[in-house]
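Please keep the sequence and the structure in view while reading.

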Amino acid sequence: MIPKFPLFLTLLFGGLLAWLWATDHVFRSGGLMILIPLWLILFGLWWALHLRGARMKRLGVFILGVIAVIAAFKYLIRYDGSADGSAFPSLAWRWEKAEVLPELHSDADAAAVPSPTPAGVADMPRFLGTKGDGVRPEPDWQTDWKAHPPREVWRIKVGDGWAGFAVAGGRALTQEQRGEEEYVTCYDLATGKLLWAHADKTRFDEPMGGIGPRSTPTVDAAQNVVFTMGSKGLLNCLDLTTGKVRWSKEILKDGGSTKSPEWGKSAAPLIVGDNIVCSGGDNGATLIAYRRSDGQLVWKAGDDGGSYSSPVLMTLAGREQIASVNSNSVTGHDPASGAVLWKFDWPGFFPKVCQPVQVTPERILVTTSYGLKSNLLEIKPAADGKMTVSSIWAASAPRTKFSSASVFGTHAYALDEGTFCCVDLATGERGWREGRYGFGQQIRLGESLMLVQAEKGFVALVKANPAKLEEVARLEALNAKTWNPPTLAGRWLLLRNDREAVCFELPAK
């Protein structure tokens with residue numbers, strides 16, 4: 001006969017774990033890491049104490065067993081951060097050494113000239129495209145990748161980090177960590193050869209989220225510069241041709257922030273007129289604007305700090321403004337002065353990463369996870385010259401942890417705790433939910449397709465179909481955890497993670 005207490009304990013903890021995983025609960029991995037050790041401890045204590053006689057001996061055996069397990073984890077096993085976006089741990093033997101890439105050396109005054117720009121290349125000068133909205137043009141390339149497979153152009157090793165690529169004039173720029181140096185690197189788009197590298201003596205290392213910079217560079221072709229945001233808030237303005245520093249600013253200091261973001265600065269700089277606008281720290285100013293030409297501080301605005309989302313320039317209710325997802329709010333700002341035009345309170349302890357996605361001329365969708373509600377917001381003009389904001393609906397789906405939604409007409413498509421889903425924008429209700437792409441990234445292609453960078457490294461083309469998941473093509477591109485956003489520069493697709501980068505040419509129609 002099975003003893004009642006172990007049976008009860010097993011059924012209770014097993015039921016909790018089954019519920020956590022069946023619902024894709026945001027804390028399912030945390031629950032696993034807590035419940036299984038707790039079950040083992042309680043079961044061990046029951047074994048040691050439930051029978052009379054030799055209790056102290058059995059208790060001693062149990063304690064020695066606990067000490068042995070703790071010692072094994074301390075001296076034999078190494079925690080290598082999260083295996084995926086659910087925070088499931090990645091473990092390795094301590095004697096297994098991770099590959100350390102060499103430092104880069106590039107003479108900025110003698111930087112190499114890139115190859116002639118290949119056919120089919122279009123600039124993608126910043127995170128999520130020219131407008132930062134995650135929308136790329138209708139494909140002018142073949143979408144049947146079985147009949148017309150993409151051509152791998154080059155594949156190179158890169159340092160740690162979760163930045164994407166920006167592409168301009170035959171150059172592909174990203175950020176990566178090598179040793180104690182945080183690099184901005186510029187590669188030849190046609191060959192993958194390093195053209196120049198700029199290094200700053202800084203290193204961001206967060207146990208769960210990993211090592212290195214998180215922000216994608218922003219290219220300013222008009223002034224031949226690239227703006228980069230370091231993981232600890234260093235804003236660089238570098239010469240696009242050579243990588244030479246024109247000016248640098250510490251945005252956390254300038255914004256009055258007393259707290260650096262726990263997971264590192266990830267927001268990409270935004271070019272607005274003569275200024276470059278940056279998201280602030282965990283507290284202090286929400287946005288900080290510098291003059292592009294010389295880095296002079298122009299304005300700072302808001303008092304709710306920034307987030308892991310990048311500011312976006314858009315027109316809402318007929319007025320151009322900067323939309324910003326912040327630590328505890330969503331705000332709209334006047335581009336010239338930074339003045340707050342409207343504010344939607346959106347408090348929450350956990351990070352917010354999504355980009356605000358425009359749905360109609362007056363509405364934007366903001367999404368998140370960690371038990372918080374996603375919201376469809378409506379912005380309207382107010383009599384005092386400012387604007388009003390209200391929530392049309394608040395819903396649990398989609399639960400976007402690292403990524404943002406793509407909107408097609410009356411429906412939004414997003415990675416909901418790692419599984420693709422479709423949400424009706426009229427009601428906030430989720431339709432279908434299938435397709436295990438993990439905690440990856442996505443961009444919209446024209447009027448009917450999405451390119452999904454899966455967390456495991458492959459890339460999928462998915463049709464915007466409110467009735468069902470419809471995957472039309474798949475490309476095995478990378479083979480390790482990939483949190484970096486994809487870059488589609490015309491027919492040239494650049495992908496990377498914290499180990500390698502690869503470039504594909506998509507076949508023309």
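With which residue does Arg430 form a salt bridge? In this predicted model, Arg430 forms a salt bridge with Asp416, and the closest N and O atoms are 3.2 Å apart. The pair links distant parts of the chain, with Arg430 in strand 30 and Asp416 in strand 28, 14 residues apart. Arg430 is partly exposed, at a relative accessible area of 40%, whereas Asp416 is buried, at 0%.

Asp416 also forms a salt bridge with Arg399, a residue that is itself buried. Because Arg399 lies in the loop between strand 26 (387-395) and strand 27 (406-408), while Asp416 belongs to strand 28 (residues 411-416), this pair ties together parts that are 17 residues apart in sequence.

A further salt bridge joins the side chains of Arg433 and Asp24, and it links strand 30 (residues 430-436) to the loop between helix 1 and helix 2, across 409 residues. Here Arg433 is partly exposed, with a relative accessible area of 24%, and Asp24 is buried, with 5%.

| Salt bridge | N to O distance |
|---|---|
| Arg433 and Asp24 | 2.7 Å |
| Asp416 and Arg399 | 2.9 Å |
| Arg430 and Asp416 | 3.2 Å |

These residues belong to a network of salt bridges that also includes Arg28, Lys401, Glu417 and Arg436.

Helix 1 (residues 4-22) and helix 2 (residues 28-49) pack at an angle of about 175 degrees, with their axes 10 Å apart, which means that helix 1 is roughly antiparallel to helix 2. Among the residues that meet are Phe13 and Trp21 in helix 1, and Leu35 and Trp39 in helix 2.

On the surface, Val69, Phe73, Tyr79, Leu91 and Met208 form a nonpolar patch with about 460 Å² of accessible area together.

Key:
Residues are numbered from 1 along each chain as its sequence is written. This is a predicted model: local features need pLDDT of at least 70, side-chain atom pairs count only at pLDDT 80 or more; totals for chains, interfaces and linings use all residues. Side-chain values use heavy atoms; hydrogens and water are left out. Patches are made of residues with over 30% relative accessible area and no salt bridge: like charges are joined within 9 Å, nonpolar side chains (Val, Leu, Ile, Met, Phe, Trp, Tyr) within 5 Å. Accessible areas come from the Shrake-Rupley method with a 1.4 Å probe; for residues, only the protein chains shown count as cover. A salt bridge is a side-chain nitrogen of Lys or Arg within 4 Å of a carboxyl oxygen of Asp or Glu. Axes are lines fitted to C-alpha atoms, for helices over the stretch in contact, and angles run from 0 to 180 degrees between N-to-C directions. Helices (H or I, at least four residues) and strands (E, at least two) are DSSP runs, numbered from the N terminus. Angles under 35 degrees count as roughly parallel, over 145 as roughly antiparallel, 65 to 115 as roughly perpendicular and the rest as oblique. Contact means heavy atoms within 4.5 Å. Buried means under 20% relative accessible area, exposed over 50%, partly exposed in between (1.4 Å probe, protein chains only).
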